Amino acid sequence: MDLVLHAGELLLTSGAEIYRVEETIERMGRAAGFVQVEGFATPTGLFISLHAPGGQVYTRVRRTRHSRNNLAAIAAINSLSREFSEGKVTAHEVKQQLAALTESGSPHSLMRQIVGGGGAMAFTLIFGGGWLEAIFAGLIGAAVLTVVALLQRYPVPKVLQAAVGGMAASAMALGLANVFPIHPDLTTLGAVMVMTPGVAMTTAIRDLLSGELLSGLSRAAEALVVSVAIATGVAIVISLGGR
Amino acid sequence: MLIQPLIGFVGAITFAYIYRVPAKQRIFAGLVGAVGYTMFLLTPQSWGEIGTVFMGAMAAAICSEILARRRRQPVLVFLIPGVIPLVPGGQAYLTMLGFLQKEYAEAFVSLVSTVLAAGAVAAGIIVASSIFRIYSSTKHARR
């Protein structure tokens, strides 16, 4: 019972599509020996109801608050639930692995920030920047990821994280543009791309496609709000800079 | 011009890292990004921005669906990093700048093209995924 709920909750907070969450709940519930399994998931909550062969019905509600994008967790639970329903692993093993997954995935690794800087470089080049701009965008992108990772340790809303990230990127790019011959817009643009809400955008599309209008729209709204917040952060600095 | 696909590859693989794609799948996520971005560049300019972005997103989504089945992974693992190079971040930035500088006419033009390009990415994914869903439902259990 708790196993099913836990797996569903982890999938949901990692950014999985709704049909995957509900399908996993159903598959695992049946494998655990329940005759009828009903799951209802939205991005902010999870309801499951399990019918035991004896006629009892167990129902649980789980409110999910903060989401962190973790595709590795989605992939791991996906294969775990398959193995469980094929009887290759026991309930106890699944429980242990889920607990390990909850612990793992520390989002604040140095490596992540360095690699993110590489992403910022690539985007500056995609948008037509030169190598000098790309290098600075890479440095700023890594710094922005560090700032956002620091904010994530406190209960700062996602929107504010994005706005502060945008402000930081823009301020650094404008400052560097005073010293070096770089284009501040292209540098900022590459750097803020590391905050793109890519998971929310893509999941929203897939949710809408499978008829999950509620989650599709709320995830699309999340992506939109985060993007607007980034732009607002950048805009505040640019207008303070007097352009 | 090998540099452009390479940039698409780097963009996608770094985002695969940011979104924590499983280590073994990152290379493939990067390849999806390279394919999508190359398709976007190869589509004739006469198709307009929407057409080129659409073709790029569709190519990336088709690759993601195939890889997801081959490598037994959720589609999202490849799809999310794969479409990242096509996101209209530059247009969105221009929109913001336009509004700031009170050039509303130009700002609205780039707002519309941002929204349309984002819609084209969505449409590309939807078309490709729908094809695979129809294919799966006629064959066997879907992933």
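## Close-ups of a two-chain model

View 1. Among the contacts in chain A between residues at least 6 apart in sequence, 65% join residues at least 24 apart; two residues are in contact if their C-beta atoms, placed from the backbone, lie within 7 Å. This is a predicted model, so local features need pLDDT of at least 70 and side-chain atom pairs count only at pLDDT 80 or more, while totals for chains, interfaces and linings use all residues. Residues are numbered from 1 along each chain as its sequence is written, and chains are lettered from A and ligands numbered from 1 in the order in which they are written. Chain A has 10 helices and three strands (DSSP runs numbered from the N terminus: helices are H or I with at least four residues, strands are E with at least two). The C-alpha trace of chain A spans about 75 × 30 × 30 Å along its principal axes. Of its 243 residues, 50% count as buried; that label takes 20 or more other C-beta atoms within 10 Å of a residue's own, while 12 or fewer makes it exposed and anything in between partly exposed, with C-beta atoms placed from the backbone.

**View 2. The hairpin of β2(A) and β3(A).** Strand β2 (residues 45-51) of chain A pairs with β3(A) in the antiparallel sense over seven bridges (strands pair if DSSP finds at least two bridges between them). Look for His51(A), which stands opposite Val57(A) in β3(A). Five residues sit between the strands, and in this hairpin Gly55(A) takes a positive phi near 105 degrees. How many of the seven residues of β3 (residues 57-63) of chain A are buried? The number is zero, so β3(A) lies largely in the open.

**View 3. The two domains of chain A.** Domain 1 covers 2-103 and domain 2 covers 110-240, with bounds from an automatic or database domain assignment. Their C-alpha centres lie 32 Å apart. Seven residues of domain 1 are in contact with 10 residues of domain 2. On the domain 1 side of that meeting you'll find three nonpolar residues, three polar and one charged; here Ala, Val, Leu, Ile, Met, Phe, Trp, Tyr, Cys and Pro count as nonpolar, Asp, Glu, Lys and Arg as charged, and the others, Gly among them, as polar.

**View 4. Where chain A meets chain B.** Here 39 residues of chain A are in contact with 33 residues of chain B. On the chain A side, the elements giving two or more residues are α3 (71-85), α5 (110-126), α8 (184-192), α9 (198-209) and α10 (213-240). The largest share, nine residues, comes from α5(A). Sort this side of chain A by type and you get 20 nonpolar residues, 14 polar and five charged.

**View 5. Chain B and its helix α3(B).** Chain B comes to six helices and zero strands. Its C-alpha atoms fill a box of roughly 55 × 30 × 30 Å, taken along the principal axes. Of its 143 residues, 57% count as buried. Now pick out α3(B) (residues 48-71): its 24 residues reach 35 Å from first C-alpha to last, close to the 34 Å expected at 1.5 Å a residue (the expected span is 1.5 Å times one less than the number of residues). Just after α3(B), Arg72(B) takes a positive phi of about 55 degrees.

**View 6. The largest nonpolar core.** A nonpolar core is a set of buried Ala, Val, Leu, Ile, Met, Phe, Trp, Tyr and Cys residues joined through C-beta atoms within 7 Å. Which of the 125 residues in this one touch the most other members? They are Val32(B), Ala57(B), Phe78(B) and Val121(B). Helix α3(B) gives the most to this core, with 12 residues. Both domain 1 and domain 2 of chain A give residues to this core too, so it lies between them. Zoom in on Val121(B): leaving aside neighbours within four places in sequence, Val121(B) is in contact with Val53(B), Ala57(B), Val83(B), Leu86(B) and Val87(B).

**View 7. Two loop residues, Arg20(B) and Lys102(B).** Most residues other than glycine have a negative phi. Arg20(B), though not a glycine, has a positive phi of about 60 degrees. You'll find Arg20(B) in the loop between α1 (3-18) and α2 (26-42) of chain B. Lys102(B) also has a positive phi, near 60 degrees, and belongs to the loop between α5 (89-100) and α6 (104-139) of chain B. Buried or exposed? Arg20(B) is buried, with 25 other C-beta atoms within 10 Å, whereas Lys102(B), with 7 C-beta neighbours inside 10 Å, counts as exposed.
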